[in-house]
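The sequence and the coordinates are shown first, and the description follows.

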Amino acid sequence: HGASDALKKLGRRALVSIPHLRTGSMRGIAPKDRHPAGYLVARPMSAYAETYRVLRKAVMQGDGLRSNVVVAITSAVPDEGKTTVALSLARAAALAGQRVALVDCDLRRRNLATLMRLRPELGLSRAIDDPSSLKDIVLRDPQTEAVLVPAVAEDSLGGDILGSPGMAALIETLRKSFDFVVLDCPPVLALADAITASVLADTTVVVARADRTPARAIRAAVNQIESAGGFVVGLALNCVQPNVVGR
């Protein structure tokens with residue numbers, strides 16, 4: 001239900017409680033940007049935006065304050081809002097002046113480009129096969145200075161590209177060029193390649209929807225990531241009702 005529940009039931013701290021945004025809060029925002037990541041940019045002084053500034057600091061501190069951080073965002077099961085969390089975190093870091101790259105590792109859903117209103121022609125597999133093409137593949141976020149390495153339909157047709165040596169090399173290339181690299185990974189309990197991508201990151205945040213995600217599912221996801229060699233810095237509780245946050 002809340003942050004204290006996460007610590008008590010899972011032995012993991014909730015890094016942030018992300019408030020649920022009501023439909024009415026989107027008034028005055030351009031229709032194309034009426035989603036939480038658009039709200040963050042339009043309302044930079046809101047409680048929602050502050051939540052992501054706190055999450056960014058928690059991720060960086062959890063990784064020992066190194067200057068170039070790669071963070072994986074995942075969830076135990078689908079529909080927890082982890083793609084929105086990944087985009088919002090990337091935008092918060094970009095607005096704070098960091099050089100940010102966002103990588104769509106959810107090769108089946110590929111929702112990031114849609115949320116950002118971008119239409120990629122080339123994607124992750126091309127960047128892995130031909131690293132010199134990366135500059136032609138990345139797309140700039142229309143609302144911040146962050147860039148996206150998108151996923152396209154052909155990326156889901158091959159083998160385990162997330163577990164390939166080329167993927168590991170791509171992450172290291174991005175680490176050298178950017179301060180903050182965010183990997184939007186698939187749900188852990190739905191697809192095995194979520195764990196593969198998480199292990200490439202320095203740290204992982206597991207997104208859980210408040211009052212909905214079973215504790216046993218979160219526990220299983222954390223155990224699988226850490227058994228494979230990943231590091232889970234904590235949870236991001238999503239869609240928390242304002243009265244719960246206040247209490």
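The sections below proceed from the overall fold to the sheet, the nonpolar cores and the salt bridges.

## Overall composition

The model is predicted. The protein contains 11 helices and eight strands. Of its 247 residues, 53% are buried. The accessible surface amounts to about 10900 Å², and carbon and sulfur atoms contribute 51% of that area.

Among contacts with a separation of 6 or more, 78% involve residues 24 or more positions apart.

## The sheet

The eight strands of the open sheet follow the order β1-β8-β7-β2-β6-β3-β5-β4, and the pairing is mixed. The pairing of β4 with β5 is antiparallel and extends over two bridges. Within that pairing, Leu-139 has Leu-148 of β5 as its bridge partner.

Helix α9 packs on the sheet, where it touches β2 (69-75), β6 and β7 (203-209). The direction of α9 makes about 155° with that of β2.

Strand β3 spans residues 100-104, and five of its five residues are buried. In a regular strand, side chains alternate between the two faces of the sheet. In β3, Val-100, Leu-102 and Asp-104 point one way, whereas Ala-101 and Val-103 point the other way. Residues on both sides of the strand are buried.

Which strands pair with β3 in the parallel sense? One is β6 (residues 180-184), which is joined to β3 over five bridges. The other is β5 (residues 147-149), joined to β3 over three bridges, also in the parallel sense. Leu-102 has Val-182 as its bridge partner in β6, and Val-103 has Val-149 as its bridge partner in β5.

## Nonpolar cores

The largest nonpolar core comprises 41 residues. Those with the most contacts inside this core are Tyr-52, Leu-55, Ile-73, Leu-102, Phe-180 and Val-205. Helix α4 (residues 82-95) supplies the largest share of the core, with eight residues. A second, separate core has 26 residues, including Cys-105, Ile-128, Val-149 and Ile-171.

Tyr-52 may be examined individually. Leaving out residues up to four places away in sequence, Tyr-52 touches Ile-18, Leu-40, Thr-84, Val-85, Ser-88, Leu-89 and Ala-92.

## Ser-198 in helix α9

Ser-198 lies in helix α9, which covers residues 193-200. Is this residue buried or exposed? Its relative accessible area is 0%, so Ser-198 is buried. Apart from neighbours within four places in sequence, Ser-198 is in contact with Ala-72, Thr-74, Cys-185, Thr-204 and Ile-225.

## Salt bridges

The structure holds 12 salt bridges. Lys-32, Asp-33 and Arg-117 are linked in a network of such interactions. In the Asp-33 and Lys-32 pair, the closest N and O atoms are 3.9 Å apart. The cut-off for a salt bridge is 4 Å, so this pair qualifies at 3.9 Å. Arg-117 and Asp-33 meet at 2.6 Å, N to O. This second pair links distant parts of the chain, 84 residues apart: Arg-117 is in the loop between α5 (112-115) and α6 (124-129), and Asp-33 is in the loop between β1 (14-19) and α2 (36-42). Asp-33 counts as buried at 10% relative accessibility, whereas Lys-32 is partly exposed at 48% and Arg-117 is partly exposed at 35%.

A further salt bridge joins the side chains of Arg-99 and Asp-179, with an N to O distance of 2.8 Å. Arg-99 is in the loop between α4 and β3, and Asp-179 is in the loop between α8 (165-177) and β6, 80 residues apart. Arg-99 is partly exposed, at 43% relative accessibility. Asp-179 has 17% relative accessibility and therefore counts as buried.

Key
Residues are numbered from 1 along each chain as its sequence is written. This is a predicted model: local features need pLDDT of at least 70, side-chain atom pairs count only at pLDDT 80 or more; totals for chains, interfaces and linings use all residues. Side-chain values use heavy atoms; hydrogens and water are left out. Helices (H or I, at least four residues) and strands (E, at least two) are DSSP runs, numbered from the N terminus. Buried means under 20% relative accessible area, exposed over 50%, partly exposed in between (1.4 Å probe, protein chains only). Contact means heavy atoms within 4.5 Å. Accessible areas come from the Shrake-Rupley method with a 1.4 Å probe; for residues, only the protein chains shown count as cover. Two strands pair if DSSP finds at least two bridges between them. A nonpolar core is a set of buried Ala, Val, Leu, Ile, Met, Phe, Trp, Tyr and Cys residues joined through side-chain atoms within 4.5 Å. Axes are lines fitted to C-alpha atoms, for helices over the stretch in contact, and angles run from 0 to 180 degrees between N-to-C directions.
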